[in-house]
Amino acid sequence: MLNGTGLRRLMYTLTGLVLLVPVYIMVSGPGGGGEEAVIARISLNGGEAVLKTQPQATPESHADYGRAKDMTLTWDEPPREPPRLLRLRQQGAPELTDPEAGLLHGSRHRLHAHVPVTGDAPDAPMVLEIQWWDGRREQRTIRTDPLWVTR
Amino acid sequence: MASKRTWFTLHGWLAVPVWILFTFICLSGAIAVFSHELTWLTNPDARADNPKELPRRGLGELADGVREQRPELELNWVARLEPYMAVPMNATLADGQSATLYVNPYSGAIQAVNQGLTFKGFMRGLHGWLLMPWEHGYSIGYYLVSGFSILMLGSLVSGLVIYRRFWRAFTRPRLRIGRGSRIFLGDFHRLVGVWSFWFLLVISATGSVYLIQGIVWHTGNEVHAAPDPLPEAGIPTTVEGQPPALMDTATLVENASSVTGTFVPGWIRFPEHALDPVEIRGRGDAPVFDDGSYRVALNPYNGNVVESVTPADMTPLQWAARLADPLHYGTWGGLATKAIWSLFGLVLAGLSLSGFLIWRGRVRAPARQAVRNRRREGQAC
């Protein structure tokens, strides 16, 4: 059984721990994937874009896509005619009927996507599906740096 | 049946190790309640001044006006705050940076372009998740803070069990001043604990809703599903290869309002891709519910309503989530309820502090007595 002094010390220790945990996490971050890195440069209809992801973050499990990874596409120079839709998928990942699978969305300058990936082939190229406002469609294969680092 | 002593021990264990953090959360909450008003006081650009006594413009009209004034801006969302506040609009600037515009709801003038965290954003982040980072749909800070709802409920129940005939604190309140700090702190703790039990219940109930909501987000789900994307076949194509003109926002708001009768739009989100509908949220005739309780999704190319949700269509969790903010921050009744909520936030901080001081007094007294006894024994030898 704890006496008064022991109990007091225990409570002060617990109080200290409760305060230290948030401070530690605030300083160190939640331990996620870290900084985004450029994995490809894309030229499209006069525009120049960079594709980024967090190489330290392994693909997440996704209920619908199997495996997926967050990616960002930023236009350094916007294209002459903006595309109507851009979709990304890693070659080998399942082709999904979900219209939002790998769909790039956001502002005119910076777009995000939750991209279906293979889960076991970080070097496999990406497939970029492009739809233009005049109805044209095209598909490009894009070579990238490894999408994630295998440990 | 657990003895009073067990309940008393439980009461202490639930509160004492976390009292500093709990006090901090209560104080930050008491300030967060008035974050709009403090912004109004400190930032003249955030005020909705109307010296010419112009009629108030609708959210859609204001958004269309900003697009005309600054065509290089890309509006992301628009919100309605209290009548004395300017309308905040989130936009992407020409250089790709995000900014909040403060727009006068009467003149339609852009009063300021603010980049960085707003005071409200800072206070809500500090109070809600201790400004800890969010990644993969969760923040440890959010779990820490919302987890307090369970501790608070436990403290409330155990406190009422160990306080014999607690209801007498309503009929015969007792606060003895001048009879020593131990008696004063005990009276204060019991008195404010009983008088604020309704507030503790409200805050722990809404906190539990936030906790469940956090778990839902963490598991990759949404409390409210985003509107379905528009079918690709329905998106117009253009000969010149440029995006087609979208419907003006005022017309979209009008179409949304005609669907739900008493609809008052409070938030508009603009499309993030070609298949994305415009989403307009607001409030209707259901009292207390927040500005997200009525949701209408519209096709931005033709103005047709594609989805609408009212509280009657919601699941219990969605319903609770739409009640949580007004009840947690006391915004449901305007300035009067905000003042009451802020005051009781301070009271809870006092409750936590007094509880700690009582506990310290209790464990210190025997320890000091033991030291005195040892000294006496030493002198006797």
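Let's start with a turn: B:Gly108 takes a positive phi near 80° in the hairpin of E3(B) and E4(B), where six residues lie between the strands. Keep in mind that this is a predicted model. The two strands of chain B, E3 (residues 98-103) and E4 (residues 110-114), pair in the antiparallel sense over four bridges. Within this pairing, B:Leu101 stands opposite B:Val113 of E4(B).

Now to the place where the two chains meet. Chain B brings 46 residues to the contact and chain A brings 40 residues. About 3700 Å² is buried between them, and carbon and sulfur atoms give 66% of that area. On the side of chain B, the residues that lose the most area to chain A are B:Trp13, B:Pro17 and B:Glu232, together 14% of what that side buries.

What about polar links? The interface of chain B and chain A has 10 residue pairs in polar contact and three salt bridges. One of the salt bridges joins A:Arg108 to B:Glu74, with the closest N and O atoms 3.8 Å apart.

Four helices of chain B each give two or more residues to the side that touches chain A, namely H1 (4-15), H2 (19-32), H6 (140-162) and H12 (335-380). The largest share, six residues, comes from H12(B). By class, that side of chain B is made up as follows:

| Class | Residues on the side of chain B that touches chain A |
|---|---|
| Nonpolar | 29 residues |
| Polar | nine residues |

Terms used. Residues are numbered from 1 along each chain as its sequence is written. Chains are lettered from A and ligands numbered from 1 in the order in which they are written. This is a predicted model: local features need pLDDT of at least 70, side-chain atom pairs count only at pLDDT 80 or more; totals for chains, interfaces and linings use all residues. Side-chain values use heavy atoms; hydrogens and water are left out. Two strands pair if DSSP finds at least two bridges between them. Contact means heavy atoms within 4.5 Å. Buried area is the accessible area (1.4 Å probe) that two parts lose on being put together, summed over both. A salt bridge is a side-chain nitrogen of Lys or Arg within 4 Å of a carboxyl oxygen of Asp or Glu. A polar contact is a pair of N or O atoms within 3.5 Å; within protein, one must be able to donate a hydrogen and the other to accept it, and residues adjacent in sequence count only if both atoms are side-chain atoms. Ala, Val, Leu, Ile, Met, Phe, Trp, Tyr, Cys and Pro count as nonpolar, Asp, Glu, Lys and Arg as charged, and the others, Gly among them, as polar.
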